[in-house]
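Subject: A structure to look through

Dear colleague,

I am handing over a structure for you to look at, and below it I have set out what was found in it. Please keep it open beside you while you read.

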Amino acid sequence: MNTTTNSLHQSSSSIDNAQDNITLINTIALSELLKEELTLQLGSLPSNAFSVINRIVAEVARICTKSDRIQQGGEIRSSQLSLARHRLSKCVEYYNLGSKQGRVELHSNLSVMIYRQVAPAQAQLSFAARRLLIEDFLQDFYADALRAFRRENQVADNYTPRTRIELAEYMAFTEQYAKRRVMTGYGAMQLLVLRAKSFAKRQPTDTVMDIEQVTEFAKGEEAQMQSRSPVMQQVRERLVAETKDPHDAVLRDRVVGELVKYLENQGHKDCADYLILKLQDFAAPEIDNIMGLTPRQRDYLQQRFKYHVEKFARTQEWQLVHQWLGADIDQKLGLSSKQWEAFVGQLDPMQQQLLDLKRAKMSDFEIVKALKITPKQVQKRWTQLLDMASLVRNNAVESSKDGINQSIAA
């Protein structure tokens, strides 16, 4: 390792100021250095790491050769080494996150970039509606990024990342690809943002319609013809589908109010402020600006917020939260009959008895007396039961999303 590193630094230190003497670092020496650094960071070289490193070295050499800024700057070898290490560090970052969390992180980073651009400026869309547009747009972008990766790295047309390091390489490339600067008539713009703006322009325009004609019985032949039009029927169906249950809105407000009160009482007012901003659909950069946070501070705040929300939902107000989610004890904790059978089948006798007592509407005092354990142990065991039920529900949801998740890597 020392021999390779020393030879690399010796070649770097021999850079001459004369333009005709400025050359790239020997690619073999750079490859060896990256292998050593990757081994140090991961403990060993993952499968197919050699191919990933060679692609990084080839890409960096191409950039440094074709970039006028780097060529005119006179520090070609330094730029080459810096670029190679940066790309390697991004691969390591996604490698350490793993396949699932890496995809979540990439999707989150790209979503923040296009949250405002993915819909027409005049559109008044909710957070859920924007999220659906983002999902639709990014699925196509992931496929395009893979095509660009194949083209720029000169791999087979049917190449797909298989190993963990290859998937990390692809995700790092996708993030870099999204952030590339493209010159437009309005100046430089990130590629992903430019694509999102084009996507927004293709969204259908609003149709002007008399709402009374939708809700009232049509009189006259012309009015009846218009009432039977596909657009009118679609609006009528949407109005019926989106009719909100006042009881659900009241429950939601109660949950939010109790959660804010809980966070403030626990000394986490910043978490309460973060919740309020998120409920108003503020994007991450806007929240950072309002709360005066750095990205690192926001990440830490999000971790604390997630921890306390889960604690609130499992212990402090579990009954209220589960009632709002339609997952109360009377509703089999939100499980289908098949899921409920699987859930109950994995309980030990103590857990089964606790569940039966809860379903019988026994008070905590009566449960403590019946099970002959402390109130704290009852709370702990019930929290475990809720966690187990949540896993059963989430596994069912995750299995339905496998197709979407796999498309990121396909």
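Does Leu125 count as buried, partly exposed or exposed, and what is its relative accessibility? Before the answer, please note that this is a predicted model, in which local features need pLDDT of at least 70 and side-chain atom pairs count only at pLDDT 80 or more, while totals for chains, interfaces and linings use all residues. Residues are numbered from 1 along each chain as its sequence is written, and side-chain values use heavy atoms, with hydrogens and water left out.

Leu125 counts as partly exposed, because its relative accessibility is 33%, where buried means under 20% relative accessible area, exposed means over 50% and partly exposed lies in between (1.4 Å probe, protein chains only). Leu125 sits in the loop between α5 and α6, and, when its neighbours within four places in sequence are set aside, Leu125 is in contact (heavy atoms within 4.5 Å) with Ala119, Arg130 and Leu133.

One of those partners, Arg130, belongs to helix α6, which covers residues 127–153; helices (H or I, at least four residues) and strands (E, at least two) are DSSP runs, numbered from the N terminus. Arg130 is buried, because its relative accessible area is 8%. A polar atom of the Arg130 side chain lies 3.0 Å from the backbone oxygen of Tyr115. If residues up to four places away in sequence are not counted, Arg130 touches Tyr115, Arg116, Val118, Ala119, Ala123 and Leu125.

Within α8 (residues 191–201), the buried residues are Leu191, Leu192, Val193, Ala196, Phe199 and Ala200, and they pack against α5 (76–114), α6, α7 (164–178), β1 (181–184) and β2 (187–190).

Elsewhere, the axes of α18 (residues 349–359) and α19 (residues 364–371) come within 10 Å and cross at roughly 150°, and therefore α18 is roughly antiparallel to α19. In this pair, Met350, Gln353, Leu354, Leu357 and Lys358 in α18 meet Asp364, Ile367, Ala370 and Leu371 in α19.

Finally, for the protein as a whole, there are 21 helices and two strands, and 38% of the 410 residues count as buried. Among contacts between residues at least 6 apart in sequence, 62% join residues at least 24 apart.

Conventions: A polar contact is a pair of N or O atoms within 3.5 Å; within protein, one must be able to donate a hydrogen and the other to accept it, and residues adjacent in sequence count only if both atoms are side-chain atoms. Axes are lines fitted to C-alpha atoms, for helices over the stretch in contact, and angles run from 0 to 180 degrees between N-to-C directions. Angles under 35 degrees count as roughly parallel, over 145 as roughly antiparallel, 65 to 115 as roughly perpendicular and the rest as oblique.
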